[in-house]
Amino acid sequence: MDITVNILLTIATAATPLLIAAIGELVVERSGVLNLGVEGMMIMGAVGGFGAGYLTGSPWIGLLAAIIVGALFSLLFAVMTLSLATNQVATGLSLTLLGLGLSGMIGTSFVGQPGVRLPNLDIPGVSSIPVVGKLIFGQDPVFYISIALTAAVMWFLFRTRTGLTLRSIGDSHTSAHALGIKVIRYRYLAVIFGGACAGLAGGHLSLVYTPQWVENMSAGRGWIALALVVFASWRPWRVLAGAYIFGAVWIGQLHAQAFGIPVPSQFLSSLPYLATIVVLVLISRNKRLTMMNTPASLGQPFVPDR
Amino acid sequence: MGGTVSANHDRSNLLEVRGLTKIFGTLTACDHIDLNIARGEIHALLGENGAGKSTLVKMLFGSLEPNSGEIFWDGKAVKITSPGVAKKLGIGMVFQHFSLFEALTAAENIALSLNDGSPISTIAAKARALSFSYGLPLDPDSLVGDLSVGERQRIEIIRCLLQTPQLIILDEPTSVLTPQEADKLFETLERLRAEGKSILYISHRLEEVKRICDSATVLRHGKVVGHCNPRQETAASLARMMVGSEVKAVERAPAEGIETAPALLEIRGLTRKPATPFAIPLKNINLTVRAGEVIGIAGVAGNGQGEFFESVSGEVPQQDAGSVRIRGKDAGALSITGRRLMGAAFVPEERLGHGAAPRMKLSENLLLSRHATDGKSFVGSGGMVKNSAVYNAAQRIITAMDVRKSAPDPEAAALSGGNLQKFIVGRELDRKPSVMIVNQPTWGVDAGAAARIRQALIELARSGSAVLVISQDLDELFELSDAIAVMHNGELSAPLPIAEATFEKIGLLMGGAEPGHAEHSLEMA
């Protein structure tokens with residue numbers, strides 16, 4: 001029983017940063033902007049979060065710093081692509097490269113230092129209930145944030161007028177502009193939100209997952225988050241499903257490798273990617289729904305004519 | 001408004017525009033425009049493509065900023081800095097290129113332009129009620145992507161009316177409508193006028209302007225060339241004001257010896273299953289176009305014309321290679337490039353994104369469609385593009401078709417619709433194709449440009465090519481065809497020689513009556 005609970009807990013821990021980063025990117029892409037810099041913003045969040053936590057001794061200040069660093073770093077992308085209308089793909093890729101390099105440089109003095117870890121939720125009497133207590137009331141705070149964030153984004157996108165406006169900009173920025181919607185302002189806010197989420201996801205890595213700083217510790221999670229958004233056809237609950245499938249198969253294959261199952265380890269390592277893609281492709285077979293949810297102006301620079 | 005003293009800004013005019021000017025680079029799109037719109041009138045804004053009509057209304061709606069000039073609303077000077085400001089004043093707009101979001105429902109589209117916080121369901125109910133009261137039935141829950149252009153326009157109009165505007169701007173509203181849909185629109189406009197609202201009606205269709213407009217302002221090359229009462233003018237006199245010279249009527253010399261001329265385009269038993277849930281299947285289509293003749297295909301939009309064009313042009317190749325034959329050889333299995341190499345040329349319906357790549361220069365668009373057929377002159381050794389040859393060819397087409405533009409080699413998207421269409425048709429004509437297939441040759445194109453395109457198509461046919469024209473505009477088909485066939489629900493009637501064709505006969509076939517379908521119905525039985 002304990003083993004099952006522990007496995008479930010590790011799955012949640014593995015899925016949480018993917019979910020947060022992907023939900024942030026989903027909002028960005030719904031506004032019609034493709035930010036390929038998720039990996040870079042995540043690693044900057046990780047180093048910023050670790051640094052602030054290490055220097056102040058408070059993991060909470062670390063988490064806050066991770067969010068702020070991610071948001072500030074995305075602001076760079078926003079200025080380039082939205083105000084200066086640069087190519088979004090190229091700018092996003094450079095943001096990732098810059099983030100990886102810059103974080104390595106900032107983090108040199110942090111390597112090998114003991115970090116601080118965000119404590120798990122502990123409600124006396126409740127968190128100690130077997131199974132349920134640990135799973136529902138005993139996880140790290142970021143886990144709860146990730147679930148609340150997903151629900152909030154779903155509600156925002158599909159239940160609020162502002163969310164509708166954001167989706168309309170993603171569908172056609174020229175139509176939105178013709179109606180007098182402030183396309184650029186909405187996109188700035190979306191990109192910064194995405195950056196804050198990626199930063200938070202990075203903070204989770206260096207303050208919860210493995211509370212230390214290792215260069216390149218995001219290890220491609222930003223890219224997985226990006227892929228999740230596309231394969232989930234830009235729908236929040238599917239991102240959640242995708243993140244957890246990925247996390248589950250990831251943990252599963254680690255255990256399988258540890259047990260020495262006679263399957264090439266390379267195949268096992270690729271399983272999470274394969275499984276996630278297969279499942280998400282299967283659930284997005286409905287062409288019409290996919291068409292409705294794909295932001296048609298994704299990646300196109302917008303220059304209002306005045 | 002006879003007898004009003006021209007005290008500077010009398011309140012009998014809802015909108016007054018004084019000296020409004022907009023400059024793009026070296027092009028003065030609007031040059032000191034003056035315009036008065038009275039309360040409760042339908043005011044026409046006439047002009048050729050590129051005359052500055054769209055630029056002017058974009059300034060009135062706040063989507064463009066004027067370089068100079070003044071706007072008076074209700075006698076007060078106003079600055080319309082954004083569409084939001086225009087809406088607050090009471091100006092509503094129905095766009096030429098619809099500003100709708102395809103992935104959203106009708107109700108969501110309407111909600112986006114209303115700045116109140118009322119829930120979607122309330123807006124949907126209001127829209128439904130309003131649409132029925134104006135006789136423009138609308139299902140607020142339908143997805144815009146699934147709707148026909150006529151239905152989309154209804155959404156735009158309802159959206160505009162829900163803002164209870166005093167002035168409604170309609171930019172070329174009938175260019176996408178069938179005659180019946182247009183009649184419905186005119187009824188709505190007359191009702192709005194009776195309610196005391198003002199309408200600024202942009203069009204180049206002179207007959208409808210004469211029919212519904214109370215006054216008119218005519219633009220040419222960005223300048224006002226006259227104000228008039230269209231009811232006292234003739235279509236010819238209005239056209240003269242717009243174009244600045246007599247519009248040449250299209251001349252069609254009688255085609256001779258067609259019966260014995262070689263068949264250059266043959267379509268034999270063309271059948272196609274629907275590719276998407278919304279597509280129309282093609283049912284056993286037969287048609288022969290001979291050297292020297294123009295065949296027109298009429299039909300209400302969405303009866304399979306798009307699918308037919310795709311199959312004949314090779315955008316979608318057929319299983320049966322013999323179903324499309326060009327110059328006596330099977331072409332059904334070939335791609336569009338293969339068919340071009342056999343001497344065919346194609347002009348699709350959508351100019352932007354289909355006929356031309358919007359963000360590429362005209363010369364680049366020329367190379368894209370003719371790199372294979374003109375490989376020798378455009379592409380040098382080692383596959384290098386001869387830029388100067390392509391550029392010169394583009395300039396040759398621009399001169400031949402009188403394409404008006406703001407730069408020597410602008411992006412396709414920078415041209416007005418009519419001018420881009422002239423370029424696209426000119427690009428294909430320049431090759432002197434032996435088979436030319438055109439879908440909606442003058443959609444949204446003004447009288448002068450349309451006459452030029454039609455004349456060019458007739459001349460191409462008379463010089464020995466086969467020309468097939470698909471159009472929703474019956475006047476156009478009667479002007480240029482030697483015979484007219486009608487497409488209805490994926491079936492094509494036998495072509496009716498122009499001497500026997502009347503509007504009534506063609507109209508009946510468009511509605512699905514059977515006379516011309518005799519052959520098919522026998523086969524199908």
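This is a predicted model: local features need pLDDT of at least 70, side-chain atom pairs count only at pLDDT 80 or more; totals for chains, interfaces and linings use all residues.
The radius of gyration is taken here over C-alpha atoms, and the rule for a globule is 2.2 Å times the number of residues to the power 0.38. By that rule a compact globule of 525 residues would have a radius of gyration near 24 Å, and chain B, with 24 Å, agrees.

**Chain B as a whole**

- The secondary structure of chain B comes to 18 helices and 21 strands, and its C-alpha atoms fill a box of roughly 70 × 55 × 45 Å along the principal axes.
- Of the 525 residues in chain B, 48% are buried.
- When contacts in chain B between residues at least 6 apart in sequence are considered, 67% of them join residues at least 24 apart.

**Helix H13 of chain B**

- Helix H13(B) covers residues 387-401, and its 15 residues reach 21 Å from the first C-alpha to the last, which is close to the 21 Å expected at 1.5 Å a residue.
- The buried residues of this helix are Val390(B), Ala393(B), Ala394(B), Ile397(B), Ile398(B) and Met401(B); seen down the axis of H13(B), they fall within an arc of 140°, so they line one face of the helix.
- After H13(B) comes Asp402(B), whose phi is positive, near 55°.

**Strand S7 of chain B**

- Strand S7(B), residues 167-171, is mostly covered, since five of its five residues are buried.
- Both of its faces are covered, with Leu167(B), Ile169(B) and Asp171(B) buried on one side and Ile168(B) and Leu170(B) buried on the other.
- In a regular strand, the side chains alternate between the two faces of the sheet.
- Strand S6(B), residues 91-94, runs parallel to S7(B) and is joined to it by four bridges, with Met93(B) standing opposite Ile169(B).
- Strand S8(B), residues 198-203, also pairs with S7(B) in the parallel sense, over five bridges, and here Leu170(B) stands opposite Tyr201(B).

**Two loop residues with positive phi**

- Most residues other than glycine have a negative phi.
- Thr164(B) has a positive phi, near 40°, and lies in the loop between helix H5 (149-162) and strand S7 of chain B; it is exposed, because 9 other C-beta atoms lie within 10 Å and a residue counts as exposed at 12 or fewer.
- Lys432(B) also has a positive phi, near 50°, and its place is in the loop between H14 and strand S17 (435-439) of chain B; with 13 other C-beta atoms within 10 Å, Lys432(B) is partly exposed.

**Where chain A touches chain B**

- In the contact between the two chains, 15 residues of chain A meet 19 residues of chain B.
- On the side of chain A that touches chain B, the elements giving two or more residues are helices H7 (161-171), H8 (173-178) and H13 (287-293) of chain A, and the largest share, five residues, comes from H7(A).
- By class, this side of chain A has six nonpolar, five polar and four charged residues.

Key. Residues are numbered from 1 along each chain as its sequence is written. Chains are lettered from A and ligands numbered from 1 in the order in which they are written. Two residues are in contact if their C-beta atoms, placed from the backbone, lie within 7 Å. Ala, Val, Leu, Ile, Met, Phe, Trp, Tyr, Cys and Pro count as nonpolar, Asp, Glu, Lys and Arg as charged, and the others, Gly among them, as polar. The expected span of a helix is 1.5 Å times one less than its number of residues. A residue is buried if 20 or more other C-beta atoms lie within 10 Å of its own, exposed if 12 or fewer, and partly exposed in between; C-beta atoms are placed from the backbone. The arc is that of the directions from the helix axis to the C-beta atoms. Two strands pair if DSSP finds at least two bridges between them.
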